[in-house]
Amino acid sequence: MSTSTADGDGVNHRARASEAYRLWWQHDANWYQGVVARFGQDAANEINAEALRKIALHVAQRVGRLAGPLPDTGDTRKDLEELRRRYDDCGDRMFPPELRNASTEVEDDDLIVLTLKRSFAVTMVRMAGSLEGYRCPCTDIHEGWSEGLGVTLTENRAESCLRDGDKACRLLMRVATPLTAGGEG
């Protein structure tokens with residue numbers, strides 16, 4: 001069996017897929033800038049956050065179906081570690097690794113901290129020349145992931161942000177415990 005990415009006509013499907021991604025990223029940037037020009041920055045930020053929340057919900061529902069029900073071991077720390085792993089899986093599915101450097105950790109008995117040293121969204125928005133006035137939709141994404149995974153957040157905020165010139169985004173997700181207190185997955 002051949003491991004080549006080219007078909008019989010010499011088409012490299014990986015290269016074509018990468019090109020398609022770049023074109024969609026350009027489309028997204030142009031769409032965002034068009035909404036800003038026609039309806040204003042606030043409308044563009046609201047629509048962007050709403051769309052990303054819906055995608056995040058879909059991704060998290062898929063992660064939840066593949067992983068099965070969240071554990072309820074009685075050990076909150078252990079259960080949060082599994083939830084943390086699922087948040088990582090959601091991020092890995094939504095954003096290309098070459099444009100994202102992220103890690104999560106459990107702090108305390110109800111807090112998951114996501115640290116981004118490189119953000120796909122900030123990178124792409126900066127490249128499109130739309131960083132001025134852009135509002136990061138991170139908390140909306142976390143709401144979607146949490147709903148899709150069937151958990152409730154009692155706190156969801158950014159403590160620092162790359163968009164604002166900080167060295168990293170530090171995003172706090174405080175989770176209602178027990179984890180089964182959330183919605184359906």
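Predicted model: local features only at pLDDT ≥ 70, side-chain atom pairs only at ≥ 80, totals over all residues.
**Around tryptophan 145**

Colleague: What does tryptophan 145 touch, leaving out residues up to four places away in sequence?

Modeller: Tryptophan 145 touches Ala56, Leu57, Ala60, Tyr87, Cys90, Gly91, Met94, Phe95 and Arg100. "Touching" here is contact, meaning heavy atoms within 4.5 Å. Residues are numbered from 1 along each chain as its sequence is written, and side-chain values use heavy atoms, with hydrogens and water left out.

Colleague: Why is tryptophan 145 called buried?

Modeller: Look at its relative accessible area, which is 2%. Buried means under 20%, exposed means over 50%, and partly exposed lies in between, using a 1.4 Å probe and protein chains only. So tryptophan 145 counts as buried.

Colleague: And where is tryptophan 145 found?

Modeller: Tryptophan 145 is in helix α5, residues 138-149. A helix here is a DSSP run of H or I with at least four residues, a strand is a run of E with at least two, and both are numbered from the N terminus. For a sense of distance, the C-alpha atoms of tryptophan 145 and aspartate 72 are separated by 19 Å, and the two are 73 residues apart along the chain.

Colleague: What angle do α2 and α5 pack at?

Modeller: About 30°, with their axes 7 Å apart. Axes are lines fitted to C-alpha atoms, for helices over the stretch in contact, and angles run from 0 to 180 degrees between N-to-C directions. Under 35 degrees counts as roughly parallel, over 145 as roughly antiparallel, 65 to 115 as roughly perpendicular, and the rest as oblique. That makes α2 roughly parallel to α5.

Colleague: Which residues of α2 and α5 meet?

Modeller: From α2 you get Ala49, Leu52, Arg53, Ala56, Leu57, Ala60, Gln61, Val63 and Gly64; from α5 come Asp140, Ile141, Glu143, Gly144, Trp145, Glu147, Gly148 and Leu149. By class, that contact has nine nonpolar, four polar and four charged residues. Nonpolar covers Ala, Val, Leu, Ile, Met, Phe, Trp, Tyr, Cys and Pro; charged covers Asp, Glu, Lys and Arg; the others, Gly among them, are polar.

Colleague: Why are α2 and α3 called oblique to each other?

Modeller: Helix α2 (residues 41-67) and helix α3 (residues 76-94) cross at roughly 125°, and their axes come within 9 Å. That angle belongs to "the rest", so α2 and α3 are oblique. Members of the contact include Leu52, Ile55 and Val59 of α2, along with Arg85, Asp89 and Cys90 of α3. The contact divides into ten nonpolar, no polar and five charged residues.

Colleague: What hand does the crossing of α2 and α3 have?

Modeller: Right-handed. The rule is that a crossing is left-handed if the near helix is turned anticlockwise from the far one by less than a right angle, and right-handed if clockwise. The crossing of α2 and α5 is right-handed too, and α1 passes α2 in a right-handed crossing.

Colleague: Why are α1 and α2 called oblique to each other?

Modeller: Helix α1 (residues 13-39) and α2 pack at about 140°, with their axes 7 Å apart. That angle again lands in "the rest", so the pair is oblique. Among the residues making the contact are Trp31 and Tyr32 of α1, plus Ile47 and Asn48 of α2. By class, the contact has eight nonpolar, three polar and no charged residues.

Colleague: What makes asparagine 48 count as buried?

Modeller: Its relative accessibility is 11%, so it passes the buried test. Asparagine 48 sits in α2 and, apart from residues up to four places away, touches Tyr32, Tyr134 and Pro137.

Colleague: How do you know whether lysine 167 is buried or exposed?

Modeller: Its relative accessible area is 81%, so lysine 167 is exposed. Lysine 167 is in the loop between β3 (153-160) and β4 (169-175). Setting aside neighbours within four places, its contacts are Lys117 and Leu162.

Colleague: What pattern does the chain follow along its sequence?

Modeller: The pattern reads α-α-α-β-β-α-α-β-β, which comes to five helices and four strands. Buried residues make up 38% of the 185 residues in the chain.
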